[in-house]
Amino acid sequence: MMTAILILISCVALVVSGITLIFAMRMRRDAGRHNNTLREQTAVEADRRALTVEFLRLHAATLEKFDSTLSNIRRKLVAGQVASVKDMLESQVLNDDHDEMQNLTFDNTIFNLYPDFLQQVNALLIPERRIETAEGRLTTELRVLAFSCLGIDDTAVVARFLRLSHNTVYTYRNRMRQRALDRDTFDRSIQQIGLSA
């Protein structure tokens, strides 16, 4: 009888130990998942902060350039150099400087969000029609596609940001579609880059 009670107690202890072990393993697995989720959230937050800092730098540089230009115009007007101000305003130099800074920031942002953006786009293109660019830079065609990755397909927004006409944006999209391995699914595949990166 005593032996039966000891066996019963041993069985109960074994079952409790097994349940405790299973419970501990599940807790550890859940803790691992939680840690992975926290790491992913931390990485996403770091990306957001980096992009926010990049945006603020661009904005600050733009404001600095604007203030400098405005100060220069005031000085010239006070000095009676109206023709010089007119030449300066008609010159494309002011826009070109801003566009270059904006494009550089946009390119950096895309490569930070989607490090393999160019490789994924090229995987969708006919091999002999793939794109090569300078390190860390996008072509205007690639910038148009990058907007799709960001979920922005409004031609007016893309045209305004890139300082292109609506027709030019359409032309770039069509040119890229003509280079695609599968023209019918190209646009959807480009949008998937943004979802899978």
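1. Buried here means under 20% relative accessible area, exposed over 50%, and partly exposed in between (1.4 Å probe, protein chains only). By that cut-off Ile193 is buried, as its relative accessible area is 2%.

2. The model is predicted: local features need pLDDT of at least 70 and side-chain atom pairs count only at pLDDT 80 or more, while totals for chains, interfaces and linings use all residues. Residues are numbered from 1 along each chain as its sequence is written, and side-chain values use heavy atoms, with hydrogens and water left out.

3. The chain has a mean pLDDT (the predictor's confidence in each residue, from 0 to 100) of 78, and 66% of its residues reach 70 or more. Where pLDDT is low, the predicted coordinates should not be read in detail.

4. Eight helices and zero strands make up the count of elements. Both types are DSSP runs numbered from the N terminus: helices are H or I, at least four residues, and strands are E, at least two.

5. Of the 197 residues, 24% are buried. Among contacts (heavy atoms within 4.5 Å) with a separation of 6 or more, 67% join residues 24 or more positions apart.

6. Back to Ile193, which lies in helix H8 (residues 186-196). What does Ile193 touch, not counting residues up to four places away in sequence? The list is Tyr114, Phe117, Gln120, Val121, Leu124 and Cys149. Phe117 is 76 residues from Ile193 along the chain, yet their C-alpha atoms are separated by 7.3 Å.
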